[in-house]
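Here is a short report for a reader who is meeting this structure for the first time. Look over the sequence and the fold, then read on.

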Amino acid sequence: MPQVFHRSFNTLSKVSIIAALTCLIVLSLALYVVGWSPYVTQERLARVQPVQFSHAHHAGQLGIDCRYCHTSVESTPFAGVPPTKTCMNCHQEIWVGASVLEPVRASYRTGAPIAWERVHNLAQFAYFDHSIHVNKGVGCVECHGRVDQMPFTYQDKPLLMGWCLDCHRNPKSHLRPRNEVVNMTWQPTGDRAQLADDLYKQYHIRSTEELTSCSTCHR
Amino acid sequence: MKECHSNSTDRSVPEQIRKRHWRALEELASSPQFQEMLEREFPRHASEWNDPFTRRKFLMLMGASFALAGMSGCSPQAPIGEILPYAKQPEQMVPGRALQFASAATLGGYATGILVKSHEGRPTKIEGNPNHPASLGATDAFTQAEILGLYDPDRSQAITYRGQPRSWSDAQIEFRKSLDALRTEQGRGLVILSSTITSPTLADQLTGQTSRFKHDFPAARWFQFEPAHSNNGHEGARLALGEPLDTLYDFTSADVIISLDADFLGVGPAHLRSARDFSTKRRSAAAPGGPAMNRLYVAESAPSVTGSAADHRFPIRAADVEQFALSLASELQLPGLSRANAKYERLVAAIAKDLNAHRGASVVIAGETQPPIVHAIAHALNDTLGNVGHTVRYIAPVEVNPRDQIADLKTLTEDMSAGHVQMLIILGGNPVYDAPADLEFAKQLQHVPQRVHLGLYQDETSALCDWHLPQAHFLEAWGDARAFDGTVSIQQPLIAPLYNGVSAI
């Protein structure tokens, strides 16, 4: 009985097995890279806002404290987007007629809210609370980046679960004294490791097991 | 195989010999219509797809477009939503943080103090108000469910006249016309039918000194009807004390409690408070060195919450409770009573002994379903045992006008059938559905020329009324009501009326 397959099929089958495995590995690597890429996480994507509000100007150049507008950041899960009234506190005195501020004035006149485009969006199944982070000495800059240098507000970090866990597994190096939380340029002085240990104890940061427990964030 | 095949097709075999099976009567009759139907794939009037664009191709394209529609979800650059802050943020309002408002929910007219949780101006949860005497922080299932009632999409949403939507000004013009006509006759023929009212404000509007209703329509009448209402307690008090008083019990200091078919831990306007007081006494007794534990005897006709908490539970027929009470009374030497019913002799002897040992610290409580005489016996027993002033207190009735509502409704239906009622205004409730069937309320209602219904729902009553006005939920309007012990509670609105409802006030 003649052979069904030609001799060359031996080589061909070996090569195709290796090729298939390689393809699988390359594909999954590609998926991983794409999944973490800013294209998917929407990092550094400046969104078009109804008012061209510049954090670089207000927080950076003018040095307005974050908490002047984001009032509830220390006490509630939601940092709070300021009501139009907060804008008008200053803008009824300065830049009164500026056309760029017309949506703000219109909102104040009519009572209709300004529809800001959301920049940071966590999945609904992840619970996040601003107040606990701020009160435990995690600075704004840790998650939001150099907001004081953003003419347009964008998301600076990937906000992926792996990124959350990086810090929850090793919180010490991300801590700072509570009174430096809003400082964008704070640098530790002296013994960095000693300070981290001190703050970790002082603020009663929970153990890594508790911080990385599923139900800490997925309630 | 060949034989078989030829057998079914061979034309040479005569028709009569070939075995013919028929599968339907029409086939046996073999009418031309049936033949046509057999030949056509689709019925005659079904549209046929003569397009070159076939069904198969259509499904293929649809499937592809669905799959591609899913792909659009993969685009990560799409907007992720808006944040809409307040233009002027109300004081105390912090987005993401709930506020609590004190209000009161009513059931059968009686108030229970509540705390309503509100997220960004929307009430979301009802819990008891710890500072309210009728609640002490507890609520019942009905009160919990009120939040669902508020957002119920089946609530009536528009003013209607015989089912057709009308504007509020239309209704006002119409009512003014009718009321002006009635005013010239002192309001004769004008009747208001409401549910049980404890609200001081409504009471003042209906019967007060400065009431415009009273002034303009002196001959108008006001009836109340509540489907689950009993006047037995008031009648019993009238028999025993001469006045229809309300009775308050202090279960925190009662050592022995006799319930005569009273489910005081499970139902009634005071049950939350009673349950809390009763269990407080039990718990404090459990503490080392605490007071003696209370003892609960329950004679009841159906299993109840109170019966399940009883130390001694006697299942007896509802009709026998009176005999049981009389036996107990004669055992305790209440004057003017014959000897105890032999059936309960041993039982009441033991209870009487316990009661005698706890004079001034016991409670005899009669159930609302029991006739007035049982209530009267309970009052007499409490008096004999020296409980009045200690564990039992009497207060003026909380209801604005405590009456036998069934008798009143009977009067009303008789008047309706006699044509004495010109205009009937039904404030809340659904009497067409829940009035006693013997009164034929629905039938007599149709003798009333002008019928107005204010209610939360388009129901049986509104179907028989000309005008229907959507009622504001108690979380949407100001109001007030009194609790079982007379505490006046304010109802404050948490949200503007969702469906432009109006309140009875």
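## The interface

Across the interface of chain B and chain A, the rule finds zero salt bridges. A salt bridge here is a side-chain nitrogen of Lys or Arg within 4 Å of a carboxyl oxygen of Asp or Glu. The contact draws 26 residues from chain A and 17 residues from chain B. Contact means heavy atoms within 4.5 Å. About 2,000 Å² is buried between chain B and chain A, and carbon and sulfur atoms give 59% of that area. Buried area is the accessible area (1.4 Å probe) that two parts lose on being put together, summed over both.

The model is predicted: local features need pLDDT of at least 70 and side-chain atom pairs count only at pLDDT 80 or more, while totals for chains, interfaces and linings use all residues. Residues are numbered from 1 along each chain as its sequence is written, chains are lettered from A and ligands numbered from 1 in the order in which they are written, and side-chain values use heavy atoms, with hydrogens and water left out.

Helices (H or I, at least four residues) and strands (E, at least two) are DSSP runs, numbered from the N terminus. Two strands pair if DSSP finds at least two bridges between them.

Start with strand 10 of chain B, residues 256-260. Strand 10 of chain B pairs with strand 11 of chain B in the parallel sense, over five bridges. In this pairing, B:I258 stands opposite B:Y297. Strand 10 of chain B also runs parallel to strand 13 of chain B, joined by five bridges. There, B:S259 has B:I365 as its bridge partner.

Strand 11 of chain B in turn runs parallel to strand 12 of chain B (residues 312-315), with four bridges between them. B:E300 has B:P315 as its bridge partner in strand 12 of chain B.

Together, strand 10, helix 10 and strand 11 of chain B make a right-handed β-α-β unit. Right-handed means that, with the strands pointing away from the viewer, the path from the first strand over the helix to the second runs clockwise.

How covered are these strands? Buried means under 20% relative accessible area, exposed over 50%, and partly exposed in between (1.4 Å probe, protein chains only). In strand 11 of chain B (residues 295-300), five of its six residues are buried. In strand 13 of chain B (residues 362-366), five of its five residues are buried. In a regular strand the side chains alternate between the two faces of the sheet. From strand 13 of chain B, B:S362, B:V364 and B:A366 point one way, and B:V363 and B:I365 the other.

## An antiparallel sheet

Chain B also has an open sheet of three strands, in the order 2-3-4, with antiparallel pairing. Strand 2 (99-107) and strand 4 (122-128) of chain B stand at the edges with a single partner strand each, so one side of each has no neighbour in the sheet. The twist averages 40° from one strand to the next. Angles run from 0 to 180 degrees between N-to-C directions, and axes are lines fitted to C-alpha atoms, for helices over the stretch in contact.

Strand 3 of chain B (residues 110-119) and strand 4 of chain B are joined by six bridges. B:I114 stands opposite B:G128 in strand 4 of chain B. Helix 5 of chain B (residues 141-150) lies across strands 2, 3 and 4 of chain B, at about 170° to strand 4 of chain B.

## Salt bridges

Over all chains, the structure holds 26 salt bridges.

| Pair | N to O distance |
|---|---|
| B:R155 and B:E476 | 2.9 Å |
| B:D311 and B:R282 | 2.5 Å |
| B:R451 and B:D466 | 3.6 Å |

What does the pair B:R451 and B:D466 link? B:R451 is in strand 16 of chain B and B:D466 in the loop between helix 18 and strand 17 of chain B, 15 residues apart. B:R451 is buried at 13% relative accessibility, and B:D466 is buried at 7%.

B:R155 is buried at 2%, and B:E476 is buried at 4%. B:D311 is partly exposed at 35%, whereas B:R282 is buried at 18%.

In chain A, A:R44, A:D156 and A:K157 are linked in a network of salt bridges.
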